[in-house]
Amino acid sequence: MAAPVKESIDRGGASHPLIELSLARLREFAREPEAVFWAFIFPMLMSVTMALAFPGGGGKPALVGIEPGPRAAAVRETLAHAPGVAVRDIRPGDQARALREGEVHLLVVPTEPPAYRFDPSRDESRVARLMVDDALKRAAGRGDPWSAREEPLQVAGSRYVDWLIPGIVGLTIMGTSMWGIGFAIVQARMRKLLKRLVASPMRKSEYLLAQVAWRMVLLPPEAGVPLVFGVFVLGMPVRGSLLSLSVVCLAGALAFGSLGLLLASRARTFEAISGLMNLSMVPMWILSGVFFSSSNFPQAMQPAIQALPLTALNNALRSIVLEGAPLGSVVRELAVLGAWGVGGFALALRLFRWR
Amino acid sequence: MVGVSCANLAKRYGDVVAVDGLSFRVNRGECFGLLGPNGAGKTTTIEILEGLLEPDAGDVEIFGLTWKGHERELRQRIGVQLQETQLADKLTVEETLRLFRSFYHRGRTIDELLRIVELESKRRSWVAKLSGGGQKQRLAVACALAGDPDLLFMDEPTTGLDPQSRRQLWALLSHFRQQGGTILLTTHYMDEAETLCDRVAIVDHGRVIAEGMPRELIASLGAPRVVTHQGTLEDVFVALTGRHLREE
């Protein structure tokens, strides 16, 4: 059997086009100080902000205001001794403002019996109402049939901040992948560099692949900064394996890279690409469970929300980081990311405007 | 041997007819010029020939091959310089050439290319730092020469260049041609066409209004009308259209 005749390729000292194209983008990025700054500073800032917002320790007290009245002093005395309640006096004309701005969660009108003013749609207000009601009724002589034994838990991994950090990692991967790819392509199109490249024997698919591939070099620091910050500053546990975590981050970066290509496939101006980026990313900021769980949205929306790439990435990251899940249990999420990656790339290649 | 041939090319953008039934042939080893004022349809024509634009009608063959079905092979055999390309500012001259060279399966080395376009001393300079249009244009030509092409397409290669840079570029193109290469260029400079081209087609309103060797075209005007005046391609154009080349 004859061996297939393979024409030898002489690239005159240059590497494979995929490597040269990736290197070119990496060099351009590294020589753009602002781009480097934002790529690493953004996740850092996010992390510091989180540390400021969640210093750890117990929960915040219920803020309770007391209106002036004949029994005001007695109510204040009672609540001052109640655990987890902070009391302050509110002037009569100031109540609406204090409630609206969250200066107090609940207002007590010290009549006999007292009245509570609060917004029942606010969780803090409902909690404050329960605490105040309990304290006042006890002081009025209510007896308890029994007292439950309380077992307070303050376990690393179950706090809000632990839940939040994987979401920030997902958000960072989405933002840096899409902006980094989208803007560079639009710039090359505006400079007619894309047109010059397709006049050469360059393969179009290799160009698009390289735009996504070079970003993988930046993935470890981009995803790593918020993770390292979470682990060492906020004490977040990482229960899954680093390998599983890396695979999921990589799948996420590829999915969002393809999405970046797709959005940039026809845009001719920076304004156009910015609009498309925001249009696609802002809904995911809200829907995909970054700052609060996507289970807050109605059941009817869930199939769509679960199909979003950021939802899949965040869910997979949380399973691995917080629950120590193996890769086998995030197959569904990986499949969603893979579908966005492959589908987005194929569509981008079809739609891409080279002129 | 035919290098480039096109027949009855037509291309319109909305109501504007850019190319209107244009035909010509370029023999191998020849330098052929498309000469005409801005807006005559030169760029549209050359981009159709380069396989970058789809014509509304007409046929194109490069070395006897059509773009459809032979694009990969043809791209390896041609070199292209476009009018408005800005190469990446923050890559060096050498990195830019390395990138373009990587697309070709054969061709010159980076060192050879740098020597041919006399940019050896700028090897490690960023493209943004190249002085003036001359060096940038020489880099663009080096990119076009990376695959050691049989055919070079040049769209207004010296527009905006100072006289010295123009002559440098002319020397480069003459050298390519002497080594057996075929060139198709567009220009609106008479002297450029007379210096470089074996044959020219004068294009106006998307049609070829005259075609031949520059000397023949000038001679066809008969005796120079002014004694001190040698007779140029500009005279040919004026005689054919009643307009000067730079007029619109």
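Predicted model: local features only at pLDDT ≥ 70, side-chain atom pairs only at ≥ 80, totals over all residues.
In soluble globular proteins, nonpolar side chains tend to be buried together.

The surroundings of Val248(A) were examined beyond its neighbours within four places in sequence. With these left aside, Val248(A) is in contact with Leu313(A), Ala316(A), Leu317(A), Ile320(A) and Val330(A).

Helix H11 of chain A covers residues 270–287. The end C-alpha atoms of H11(A) are 26 Å apart. This agrees with expectation, because 18 residues at 1.5 Å a residue should span 26 Å. The buried residues of H11(A) are Ile273(A), Leu276(A), Met277(A) and Met284(A). An α-helix has 3.6 residues a turn, so residues three or four places apart point the same way. Gly289(A) follows H11(A). The phi of Gly289(A) is positive, near 70 degrees.

In chain B, strand S3 spans residues 31–35 and is mostly covered. Five of its five residues are buried. Both faces of S3(B) are covered. On one side lie Cys31(B), Gly33(B) and Leu35(B); on the other lie Phe32(B) and Leu34(B). S3(B) pairs with strand S7 of chain B, residues 182–187, through five bridges. The two strands run parallel. Within S7(B), Thr186(B) is the bridge partner of Leu34(B). S3(B) also pairs with strand S8 of chain B, residues 199–204. Four bridges join S3(B) and S8(B), again in the parallel sense. Here Leu35(B) stands opposite Ile202(B).

The contact between the chains takes 28 residues from chain B and 25 residues from chain A. On the side of chain B that touches chain A, helices H2 (67–77) and H3 (93–102) of chain B each supply at least two residues. H3(B) gives the most to this side, with six residues. By class, the side of chain B that touches chain A has 11 nonpolar, seven polar and 10 charged residues.

Definitions and conventions:
Residues numbered from 1 in each chain as written. Chains lettered and ligands numbered in written order. Contact = placed C-beta atoms within 7 Å. Nonpolar A, V, L, I, M, F, W, Y, C, P; charged D, E, K, R; others polar. Expected span 1.5 Å × (residues − 1). Buried ≥ 20, exposed ≤ 12 C-beta atoms within 10 Å, placed from the backbone. Pairing = 2+ DSSP bridges.
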